Amino acid sequence: MPISQSLQVYQLVKSLNQSEKRNFRLHAGRIRDSEEMLYIKLFDILEGQKKFNDEEVLNKMDGISATQYSNVKRHLYSQLLKSLRHLYREKKADIKIREYIDMATILYNKGLYMEALKILDKAKKISFRNHTDFNSLTIIEIEKTIQSRHITRTNTASIEALVEQASNISQSVYNRASLSNLKVLLHRYYIKKGHVTTAEEENELDDFFYSSLNRGIPPDEMGMVEKVNLYQCYVWYHYIRGDFENCYSYAIKWIKLLENSKEMMERDVDLYMRGFHYVLTSAFNTRNLEGYKIHLEKFENFRNSYYSSFNANSKIFSFLFVHTGRLNLHFFQGTFESGVKIIPRTLSRIKRYKDNLDEHKIMILYFKIAYMYLGNGNYKKSNHHLLNIINLTNKSLRTDIQIYARLMHLIVHYEMGSWDILPYLLKRYNAFLSSQTATNKMVSIGLELFKKLHSTPVLERKQVMKEYLDKFIELKKQKYTQKAFLYLDIIPWLQSKQSDKSIGQIIKEANNK
Amino acid sequence: MAQKVGKDSKKYVQLFDHINKHKTYLERKILKEIPQIKKTQLSNIKANLYKQILRSMRDYNKETYAEIKAREKFDFAKVLYAKGHYSASLNMLNEVKKIAIKIQKKPLLYLAIHFEKQIESQHVTGSMEKRASQLAQQSENIVKDLKLTNKLSNLALTLYSIYLQRGIAKSQEDIDFLEDYISDKAVLLQTTDTMDFYQRLYLYQSYVWHYHMLQDFENYLIYSTLWVELFTEYPDMLKPETTTYIKGLHNILNALFVSGKSKQFDIALNQLLDFQSHHKLNLSRNEKSQLEIFTYTHGLNQIFLNTQYQAGVPFIEQLSDLLNDNTYPWDLNRRLVFYYKIACVYYGANQLQKCIHYLNLITNNHYPEFKEDIQCFARILNLIAHYDLGNDLLVSYQVRSVYRYLSQMKEMQGVQREVFKFIRRIPKILKKDVKEEFIGLKSRLLAFRRDKIERRPFIYLDIISYLDSKINDIPMVDAIRLRRGISIS
């Protein structure tokens, strides 16, 4: 095992909770082999480490050879996974189903056909209840094999039933796969191109979306799982189109559907929370404050009552969605002052989950944090978080956010009065913008504004800003350029400069109108 | 496993040791010898023991069954994902995919890709742009493949179910039915270059059942051969699909047997025996069981083909030992067919008492679910054996038994009808006229022998040769050899 894989073992050990650790020790107690003492020793060492240090581990494992060390690591890794799998069996239906399938395979290979069929029948029931079609398909394939090879009675009713079941499941698998493919392709489209920015792009998207949908079955013949998939596709589609009204209503359908089947909702809480995330995002984008507040509260309540049953992954998701939801609520209401108070908590979560969060998610959070500080006049702190984004090595990731961060960076420097650095930044950011294929009018006009401000005497700046404020207001009215303002609304800032009010006050006044 | 802590778990280990030591399972004895186990607990402990054994076997057999190993890795991927270790989870899925491709398990491959899709789309890893379309394309292809695989596997299974219900085509009506059925599926039955292992396997199997039922031996042989040759193209599949391979060889042998090609039959049988001697140690009980069924079935067929009844006796003695010991989980159907064939060999070897013993295993009971024709021929052969023994009293009892059975049969074939008619007249036949009557019956039966559909009953019980032997006062074996000699020239 190379070093990177040592880290993998370390991270796995560190991610265990108390009961999982206990279960592992019990599990280890059951297995007695020559390497046993060593791998438990390694577990204890890793568990005790605050920061991963391979050398220290090797020293504490006194006198162990390099090959032996790597064997012990591998052994520990697989034993950890085994004990976790064992522990999750009761929680995760599909792990249990696969265990049954394995047991049936063993029984079948021992020639105990009826016993194998009995277990498969149990597995099939769970699989049907959980809509895990691919497991059902596997189960039915084994049943077919056993029926055709070993059950030589002349009663063929069970064979006919199997054939029927297999056809149904195969159809439903096909539907689900098409919808999930569509979902992934929409997602890719978004990552690649972002929201549609021209009529041409929108037509192209429409063609793709509706032609893919038409190949599937009509919605009224769909099962629950297919329907959720369908709603997700619609959410994505409208989201990319920037039609947040429709996006909102499909996201609502999505969470309602899951609320109607508690079993399904509890089985996939991540899916349910993701639904909320889109409800909130589209409510935010359509300025639907009432809808936003209701659903954020509902989401918070759900999270509170289910948090103890969440696995690590669900905890991470719930953190991302709920914290984003809270930050956005402050932006929505212009309450930057109380908004900055929740930031330390968000930062501590980012630190806790940093191994599990990808750059994209961290970047979005930093962006929001920077904006919160900007709104509250904490420019230094805002600057600090913006630098985290600007210094990213992966320049192709969500370039739109990276560009907005740079524009915000200019605002922050303007506020801090760091005039000498401005020309340098302008030059760099112009270069960055022109290296992008997609044009962004809001940002190019923004850069233009700062260029002009730099060469304008102090007293005339207000007038320049007024000019640009009107330009931006005009830009925000246009269909394909308005989306840029969803991420960074430069207008309240410019307005605040006209009236000597804070950004928060401007927003609050606008909300009251 | 035995080290698991806790009181209850110790009990199942005790139960295991007890069952392991004793030949019979007596609950009374268990409760007496293991006082810690209370009567009310026993069924729970039993269930627990059963699960624990299966679990430990699952772990133990992981290396033998690639599928089990792949599913374990898939579970690991799920666990790692739940813990938030996304890239470790993706690594695990890669391993699953490798195994799934190697053993052609498309559903498993799909599961892995589907999960990968989910991880990639929920956690933008930067590679999404390229991966998304790749993954969508891959999963679309697999799902299309699976749809076709499922259709073909359904077809193969349905044809097999038709075979179970209707047996070999016995009338023009049956033939028409089968041909209509298959022509409806013409589109499905087209081979294309892109078909994978399982699609081709199910396709060939469909044809094998079809031509087998039609008694089109030539095509039956061709498709059985294609089935077996598939494994030359996919050598990795031999391990996970051993029983399928064996069943393919069986069908080749069967096709050669029913078309009487003894030379080719001997070669193919050697292939099966070679396989057995090369792989015996690595086979599961199920695979061994299948292999034994077919080596014995075709060992018997070889005796019939080459009319070496006397020489075959040691071979069938081995088989009867195996049947008595109950070594393998062979169902009743299988056992009854073996009994009948063993009886046929003993009859040919002129060991009539032993012949009758095995026939009684079939005729002394009523098996409504079991193949009618074998039950019918068992009764006819029983009658013949008693007749040969000159046991007149028992003969008249056997006549009644055969008569009763035949009159209750749902559908009789020509041969059975003629035998039925003949038996009805037996009480009226005088001893001196017997030869005359045999000649008459023989000429009526000969007509059936030329008919493709009606000739099947002669494969196991060559009544014509029997009649020849009675008419010419020679042993039956000689009569068969004589007849075959004539037909060859």
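**Exercise 1. Find the distance between the centres of domain 1 and domain 2 of chain A.**

Step 1. Take the bounds, which come from an automatic or database domain assignment. Domain 1 of chain A spans 3–88, domain 2 spans 93–154 and domain 3 spans 334–513.

Step 2. Take the centres over C-alpha atoms: domain 1 and domain 2 of chain A lie 35 Å apart.

The model is predicted: local features need pLDDT of at least 70, side-chain atom pairs count only at pLDDT 80 or more, and totals for chains, interfaces and linings use all residues. Residues are numbered from 1 along each chain as its sequence is written, while chains are lettered from A and ligands numbered from 1 in the order in which they are written.

**Exercise 2. Describe the side of chain A that touches chain B.**

Step 1. Count residues in contact (C-beta atoms, placed from the backbone, within 7 Å). Chain A gives 63 and chain B gives 64.

Step 2. Assign elements. Helices are DSSP runs of H or I with at least four residues, strands are E runs of at least two, and both are numbered from the N terminus. Those giving two or more residues include helix 1 (3–14), helix 5 (66–88) and helix 9 (157–193) of chain A. Helix 9 of chain A has the largest share, 18 residues.

Notes. Contact = placed C-beta atoms within 7 Å.
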